Amino acid sequence: MSTEPETTEEAEPGPPDVTDAAETTDSGTEGAKAAPEVSEAKAELAAQKVERERIERRKAEKQGPIESGTKLSGQAADLLAAVRAVESGEKPAATVFGEPAPAPRRPAPEPVHRPQPTAPAADRAAAPAAPAPEAVDAVRRVLTAAGAPETLAPQIAAALGEAADARLREDPWQLLRVAGVRPDQADGFARALLGAECGPDDERRGRAVTGWLLEQAALAGHTALELPALTAALARQSVPDPGEAVQSSVAEGEALVFQDALDEPGAPARQERREDEEEDGEERPVRVLVGLERYALAEESLADGLARLINSVPKEDGPAEAWERAAAGARGSAAELIRAVAANGLVLHTGGHASLADPARLLHEAPGPGLRAWAVAHTDSGRDDFTALLTGLDVPDGPSGRPGRGSATVAGMLSGAEGPGRDSDGALDLDLLIVLDAPQLDVETAALLVESLPDGARLVLAGDPAVLWSAGPGRVFADLLSARVCPQVASRVPDPGPLGELVSGIGVGELNQVEAPGKEIVIVPVRDAGEAVHRTVQLVADSVPRAIGVPAEETVVITPGHGGAAGTRALNAALKQRLNPGPGRFGGFDPGDRIAYAPAPGRTLPGQVVKADADGLHLTCSGAPVVVPRERVEQSVRHGWALTAHQAAGGRWPAVVVVLPGDAAQALSRPWVYTAFSRAGRHLSVVHGVEQALPRAVAESAAKPRTTRLPALLRAQVPASG
């Protein structure tokens, strides 16, 4: 690794004076594309340069949405500010179980209706149904009576559904269902409505806080909480009888309770024990868990579906010798993967970016044994990168003219916008599904995929176990690796070059000094956050294009959080000023702006602003037109020159600039560093201001634990494979 003197020799303008914003939780990215120029718009912007710069400086000082209800004061103002902060991404929802999650938990997926129609790409931005105006007005009257900001009425009506006003009057703590509201704020609202009847021992408060804590646990990645952890958290929220609060929540159906057996190392699986052992009264240790129904059902459905795949005999459409011929045409771990898939309904495949060659070979060979095979990736760019691996392969059609293979995104296949479609029974019309970026699967998405597979299908989950886990609850891929209920194939294809050597070392806890004669890796030391922003703009706009040959539109900046003096907000403000300055004529955006659009919490599409009109903000995302309604722009569109590592997961860019300001030291972990550094294809610049915190995080800070039930559920149905 080396430093780059070029960046210190040039006098670039300093970063704009941006307002410090708190770190937010946000959605994962779907990879970035090169942003095409909009020449007419840029010409218009250039003609207004002086005015533009003046307006931009003023905007930077007021970074964030225009506040509503600015005349409010006291608790009402605090409540409005808390909700606005979460909606706009300035501040995370309060978390009490470890670090805030990288993305707000997405709403429950719509059921996959069968057969599934194909949706046009332009419909990706279809807005969820808004609550009826009458319902919003009714909630507004309740808020006014309690002195709460009436502008929260639409969010509350959407969160509480039918008869929201009556539900709110009957149980004011239902306000906790709105993202960003804290228990102390809900308490103030309840006192205003109930007066002397309100107290900390109110049963309604105990249930609401229990639900809120379980939602916060989901934001941190847990699918359930152990009972002692939940009761301790309730006590910290001043619930007088935590046990009674949990019991009340379970009795009302607002939470579920489970007992999972804890198998000792080396003990036989539950189904292998003799019945007389249980009849003898032998007790096994258990843990008591409490969770929300949504995640409990998803995790149980996923376990059932995986067990079905593991325990069933895979479908055979061709002669058995075809599999051996396919394996003979491959080498190393690719051949091992093909043989494992031939004999098993579920196979796990691990490795770095270069290991994609193994599932690519599998997809190439699948038509030989007569399988209709598809691969799905977490992001559009991941899908496109995988498709590029197949470009030079002669992939035949399957039997009877059926397509032999294809590639899509997970979201596209589930929605029907991409993929093979569905058969007469409503299952995906395929025999083999390869899921790339498998660590990005949360329990709900994984359950939907597995439920959609036909009987006799094969499933391959492939990914790099060292990257950050999913934005949503669960750790599906890691749980399956630890459960050892199916074959696991480790790729022997190493990531090449200095970048591959650096990332491989990080994966085992070592931050090695790597020779980079072609400036593949550059370290740029900085003293403070202001210098970090300044140097980042230099790198993206000038040094990397000039010295490495990668243009700014093919470079992404990755930083630990959205807030702070060198978070994504500050960096995006500075990068916009340099790369596409403008007055922000539509919600802070101008034609040509690089953006990250979240159609739903937990999923982000990279793109570019095209124009704005009465219909909303017109974007292009992975080549598809998207129109975001005006009322959704503030909460779902961000500038996208700079991303968090979770937003960047699943994507790769020719050049990556990782920004590590001094205040980011506590946010670093080995999976974060691994994920951020491994997004680079040709060049990595590290704007380094954390000194020894970086090697310490790589060596000592492993992934934060998540409480899940999947391993226990699988062990109850499937014997360990050794």
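Modeller: Before helix packing is discussed, note that axes are lines fitted to C-alpha atoms, for helices over the stretch in contact, and that angles run from 0 to 180 degrees between N-to-C directions. This is a predicted model, in which local features need pLDDT of at least 70 and side-chain atom pairs count only at pLDDT 80 or more, while totals for chains, interfaces and linings use all residues. Residues are numbered from 1 along each chain as its sequence is written, and side-chain values use heavy atoms, with hydrogens and water left out.

Colleague: What percentage of the 722 residues do buried residues make up?

Modeller: A residue is buried under 20% relative accessible area, exposed over 50% and partly exposed in between, using a 1.4 Å probe and protein chains only. Of the 722 residues in the protein, the buried share is 55%.

Colleague: Are α21 and α26 roughly parallel or roughly antiparallel to each other?

Modeller: Helix α21, residues 497-507, packs against helix α26, residues 670-677, with axes 9 Å apart and an angle of about 165 degrees. Angles under 35 degrees count as roughly parallel, over 145 as roughly antiparallel, 65 to 115 as roughly perpendicular and the rest as oblique. The two helices are therefore roughly antiparallel.

Colleague: How many nonpolar residues does the contact of α21 with α26 have?

Modeller: The contact, meaning heavy atoms within 4.5 Å, is made by L502, V503, I506 and G507 of α21 together with R670, V673, Y674 and F677 of α26. Ala, Val, Leu, Ile, Met, Phe, Trp, Tyr, Cys and Pro count as nonpolar, Asp, Glu, Lys and Arg as charged, and the others, Gly among them, as polar. Besides 1 polar and 1 charged residue, the number of nonpolar residues is 6.

Colleague: How many residues are in the largest nonpolar core?

Modeller: A nonpolar core is a set of buried Ala, Val, Leu, Ile, Met, Phe, Trp, Tyr and Cys residues joined through side-chain atoms within 4.5 Å. L459 is among the members of the largest core that touch the most others, and beyond its neighbours within four places in sequence L459 contacts residues including L306, L346, L433 and V450. A second, separate core, which includes I521 and L684, has 34 residues, whereas the residue count of the largest is 82.

Colleague: Is T350 buried or exposed?

Modeller: T350 is found in strand β4, residues 346-350. Leaving out residues up to four places away in sequence, T350 touches G463, P465, F477, L481, V489, A490 and S491. With a relative accessibility of 16%, T350 counts as buried.

Colleague: What is the phi of A163 near?

Modeller: Most residues other than glycine have a negative phi. A163 sits in the loop between α6 (153-160) and α7 (164-170), and at 43% relative accessibility it counts as partly exposed. A163 is not a glycine, yet its phi is positive, near 55 degrees.

How values were computed: Helix = DSSP H or I, 4+ residues; strand = E, 2+ residues; numbered from the N terminus.
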